[in-house]
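This report looks at how the ligands sit against the protein. The structure comes first, and the notes follow it.

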Amino acid sequence: MRPILGIKFAPDQSVEQLGLSGVLVLDAPPNGPAGKAGLQSTKCDAYGWLIVGDIITSVNGTKVANGSDLYHILDQCKVGETVTMEVLRGDKKEKIVVVLEPKLDETR
Ligand SMILES: *[C@@H]1O[C@H](CO)[C@@H](O)[C@H](O)[C@H]1NC(C)=O
Ligand SMILES: *[C@@H]1O[C@H](CO)[C@@H](O)[C@H](O)[C@H]1NC(C)=O
């Protein structure tokens, strides 16, 4: 069974447009593995401004530059395994520990 983080992420170009490298989290539902671990999704504030979510830059020490890097790493992981992700949150770096869960729907 395929493990998932339970996220939806932005197209690679949108991260490039920010001048960054990594995977921008659009949505991390609170009941999914990444959401439970506290990964922040992209939101709009009350005025309609976009609040950029976490950008995943590495998983267990392996650099993540784009969505295909992330898929590639996840393909080598197993359900129930724990991974430590480095994310960029604003201009801070955070470490997030996620327990991978089996794929139940189309999120990843
Ligand atoms: C993703 O980034 C890797 C480097 O980490 C690069 O080799 C690969 O070509 C990139 N893939 C895409 C689809 O841009
Ligand atoms: C990630 O690192 C943790 C701690 O070292 C390890 O338990 C886990 O198996 C690793 N996961 C993968 C997919 O390599």
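Predicted model: local features only at pLDDT ≥ 70, side-chain atom pairs only at ≥ 80, totals over all residues.

## Surroundings of ligand 1

Four residues surround ligand 1, namely Ala65, Asn66, Ser68 and Asp69. By class, this shell holds one nonpolar, two polar and one charged residue. Ala65 counts as nonpolar and Asp69 as charged, while Asn66 and Ser68 count as polar.

For Asn66, a polar side-chain atom lies 2.3 Å from an oxygen atom of the ligand. For Asp69, the distance from an N or O atom of the side chain to an oxygen atom of ligand 1 is 2.7 Å. Ser68 instead places a polar side-chain atom 3.5 Å from a nitrogen atom of ligand 1. Of the 370 Å² that ligand 1 exposes when taken alone, the protein buries 35%.

## Surroundings of ligand 2

Around ligand 2 stand Asn60, Cys77, Glu81 and Thr82. The shell of ligand 2 is made up of one nonpolar, two polar and one charged residue.

## Polar contacts and burial of ligand 2

A polar atom in the side chain of Asn60 is 2.4 Å from an oxygen atom of ligand 2. The side chain of Glu81 has an N or O atom 3.1 Å from an oxygen atom of ligand 2. Ligand 2 exposes 360 Å² when taken alone, and 46% of that is buried by the protein.

Methods:
Residues numbered from 1 in each chain as written. Chains lettered and ligands numbered in written order. Heavy atoms only, no water. Near = heavy atom within 4 Å. Polar contact = N/O pair within 3.5 Å; in protein donor to acceptor, adjacent residues only side chain to side chain. Areas by Shrake-Rupley, 256 points an atom, 1.4 Å probe, with all protein chains shown as cover.
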